[in-house]
Amino acid sequence: MQEEPTNDQGGEEEDFPYRTEYKKKSIRSYVIRAGRMTEGQRRAFDNYWGPLGLSLFDGPIDPKTVFGREAPLVLEIGFGMGDSLLQMAQAETDKDFIGIEVHPPGVGRLINNAGKDDVKNLRVYMADAVDVLNDCIADASLDRFQLYFPDPWHKKKHHKRRIVQPEFVKLLCSKLKPGGLMHMATDWENYAEHMLEVLEAEDMLENTAGKGNYAPRPEFRPQTKFERRGERLGHGVWDLLYKKV
């Protein structure tokens, strides 16, 4: 039986019917912030959610049916405002992309830009990523997984909220095809060290940069404005690139 969609966006206006979907759980890796949406972001849901949006509560998807073709499948969790994900979908038209994000303004911006550009190889969930992985994504179906700049929950007492945990990585491995890529990036050195420790401990993964090493930024990951500014200020970015064996 399907669970009813849940939301806790009390700050959103009641006339906005699109809600972040998730199942009740004790610890989540995010807090849904009722950030202000622009008029364009709000309109984007009316204009483009139909062709671009996917629902957690529709259950398992068949990518061939969703995209109308067979192609390598890339999944990104936490795409923020969506600019780099859209750039990747437009640059790699031979692949199909699914993005998952909990914050409506970012989802609105991405589907608005993708809809205007008539991007065919991109679909979006506004939902809890772990729920989507468990309920909607088939095992051994992903060619690439992406997690860029997740919330670092930098206070030690909040580390349990970090999305990168051994159980989460095992779940991701089950969704990757053999030979599939797992790519993460962060600009928090402490979180990078945590990610490295968790990924190195997973037997199903092999570090493409060699055991215990960070990887150079692969060409397929666009550099964000935020990242370029950080580089100028001397801030680091750590990429981790693993292959499922």
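I started with a definition: a disulfide is a pair of cysteine sulfur atoms within 2.5 Å. In general terms, that is a covalent bond between the sulfur atoms of two cysteines. I searched for disulfides and the structure holds zero.

A note on what I'm looking at: this is a predicted model, where local features need pLDDT of at least 70, side-chain atom pairs count only at pLDDT 80 or more, and totals for chains, interfaces and linings use all residues. Residues are numbered from 1 along each chain as its sequence is written, and side-chain values use heavy atoms, with hydrogens and water left out.

**Cysteines**

Are Cys-136 and Cys-173 buried or exposed? I use buried for under 20% relative accessible area, exposed for over 50%, and partly exposed for in between (1.4 Å probe, protein chains only). Cys-136 is buried at 1%, and Cys-173 is buried at 0%.

**Cores**

Next I looked up nonpolar cores, meaning sets of buried Ala, Val, Leu, Ile, Met, Phe, Trp, Tyr and Cys residues joined through side-chain atoms within 4.5 Å. The largest one has 39 residues, and Met-184, Phe-145 and Val-164 are among those with the most contacts inside it. I then checked Met-184, skipping its neighbours within four places in sequence: it is in contact (heavy atoms within 4.5 Å) with residues including Phe-145, Val-164, Trp-238 and Asp-239. There is also a second, separate core of 27 residues, and Trp-49 and Ala-185 are among its members.

**Strand S4**

Helices (H or I, at least four residues) and strands (E, at least two) are DSSP runs, numbered from the N terminus. Which residues sit on each face of S4, residues 122–125? I found Leu-122 and Val-124 on one side, Arg-123 and Tyr-125 on the other, and all of them are buried. Strands pair if DSSP finds at least two bridges between them. S1 (residues 53–54) runs parallel to S4 and is joined to it by two bridges, with Gly-53 opposite Val-124. S3 (residues 96–100) is also parallel to S4, with four bridges, and there Ile-100 stands opposite Tyr-125.

**Salt bridges**

How many salt bridges does a search of the whole structure find? I got 14, counting a side-chain nitrogen of Lys or Arg within 4 Å of a carboxyl oxygen of Asp or Glu.

I picked out a few. Lys-175 and Asp-139 meet at 2.8 Å, N to O. Lys-175 lies in helix H6 (166–175) and Asp-139 in the loop between helix H5 (129–135) and strand S5 (142–148), so the pair ties together parts that are 36 residues apart in sequence. Lys-175 is buried at 5%, while Asp-139 is exposed at 52%.

Glu-227 and Arg-221 also come to 2.8 Å, and here Glu-227 is buried at 4% and Arg-221 is buried at 1%. For Glu-70 and Lys-64, the closest N and O atoms are 3.6 Å apart; Glu-70 is exposed at 66%, and Lys-64 is partly exposed at 47%. Finally, Glu-92, Asp-94, Lys-95 and Arg-144 are linked in a network of salt bridges.

**Helix H8**

Last entry: I went back to Glu-227. At the start of H8 (residues 225–232), a side-chain oxygen of Thr-224 reaches to within 2.9 Å of the backbone nitrogen of Glu-227. Just after H8, Gly-234 has a positive phi of about 85 degrees.

Definitions and conventions:
A polar contact is a pair of N or O atoms within 3.5 Å; within protein, one must be able to donate a hydrogen and the other to accept it, and residues adjacent in sequence count only if both atoms are side-chain atoms.
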